[in-house]
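Q: Could you take me through the terms used for this protein, setting each value against its definition?

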Amino acid sequence: MIRLLIADDQQLAREGLRQLLSPEPGIAFLGAARDGAELITMAREHQPDVILTDLRMPGTDGITAIRRLTARTPDCPIIALTTFDTDDYLFGALEAGAVGFLLKDGDPDLYLTAIRAAHRGQGLIDPQVTRRLVRRFATPPVRGQSPALTLRETEVLRLVALGRSNAEIAAELRIAAGTVKIHVSRVLSKIGVRTRVQAAIHAYRSGLVPADEER
C-alpha cells in the first residue's frame, strides 16, 4: 500500500487529484495540503510514502517545500506537478530533490505510473518535457573536479542516467540487485546528491553520458 500525500493551492485541483487517485487499488490517500508550509506539517504528521505537489503556491512554494522535505526525510520521494513547463520550474524542482516532474494537463494515467515508480525508487519525467531536459544537456559538459568513482560505480551511474532500474542494471552487469542498490547508494554519496534524477543530471553535466545516447 502506497501512502500518498498531495499539495495544491487550488481546491478544484485537490479534489480532482483525490477523485483520480483515491479509488486506485494499492494507494492510501492521506490528505491534501493547500500550500508548501501545510505540506511540510502534514508530511511530518502522516509520514507518507510518496508526495505529489504543485510548484506554484502562495507563501512556501513547492520547490522550497521539496528542498526542505528532502533534507528532513530523504527516503520519501516527491513528484513535482505544475502547469508551467518552464526551465526554471523543471530544473528547480529536480535540483531541489524531486524524483519526477509531471504536467497538470498531461496523461492522467502517467500520475499512477509515476507514483508507483517513485515508490520503487525510480524517477519519471513527463515525456512532454523530456526533450527540453535532453536539450539542456546537449550543450558542452562542464568538466571539473569529479569524485573518485570506481569503474563499477561509473558503469552504474551511466546506466542510472539512461533511466535503467536496479533490476535492469543488475541484468546488464550480471550482478545481484542488492549489489546494485549498494553501488547506487555509494555513487549518490560520493557525488553529493540525494536522488537518481540528480545523479543523472550529474552524469550528463560531467560528459559521462552524451545527450543523444540511446536511452
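A: Leaving aside its neighbours within four places in sequence, Ala80 is in contact with Thr53, Leu55, Ile66, Ala93, Ala98, Gly100, Phe101 and Leu102, where contact means heavy atoms within 4.5 Å. The model is a predicted one, in which local features need pLDDT of at least 70 and side-chain atom pairs count only at pLDDT 80 or more, while totals for chains, interfaces and linings use all residues. Residues are numbered from 1 along each chain as its sequence is written, and side-chain values use heavy atoms, with hydrogens and water left out.

Q: What makes Asp126 buried?
A: Asp126 has a relative accessible area of 3%, and buried means under 20%, with exposed over 50% and partly exposed in between (1.4 Å probe, protein chains only); Asp126 is therefore classed as buried. Asp126 lies in the loop between E6 and helix H6 (127–137), helices (H or I, at least four residues) and strands (E, at least two) being DSSP runs numbered from the N terminus. Not counting residues up to four places away in sequence, Asp126 touches Phe101, Leu102, Leu103, Gly106 and Leu110.

Q: Why are E2 and E6 said to stand at the edges?
A: Six strands form an open sheet with parallel pairing, in the order E2-E1-E3-E4-E5-E6. Strand E2 (27–33) and strand E6 (124–125) each have a single partner strand, so one side of each is left without a neighbour in the sheet.

Q: How do you know that E3 and E4 pair?
A: Two strands pair if DSSP finds at least two bridges between them, and four bridges join strand E3 (residues 50–54) to E4; the two therefore meet the definition. They run parallel, and Thr53 stands opposite Ala80 in E4.

Q: What makes a set of residues a nonpolar core?
A: Such a core is a set of buried Ala, Val, Leu, Ile, Met, Phe, Trp, Tyr and Cys residues joined through side-chain atoms within 4.5 Å. The largest nonpolar core has 29 residues, and those with the most contacts inside it include Leu39, Ile51, Ala80 and Phe101. Helix H4 gives the most to this core, with five residues. A second, separate core of 21 residues includes Ile6, Ala32, Ile79 and Leu81.

Q: Which classes make up the lining of the largest pocket?
A: The lining has nine nonpolar, ten polar and six charged residues, where Ala, Val, Leu, Ile, Met, Phe, Trp, Tyr, Cys and Pro count as nonpolar, Asp, Glu, Lys and Arg as charged, and the others, Gly among them, as polar. A pocket is an open set of points on a 1 Å grid over the protein atoms alone, where a 1.4 Å probe fits, with protein on both sides within 12 Å along at least five of seven lines, and lining residues have an atom within 4 Å of a point.
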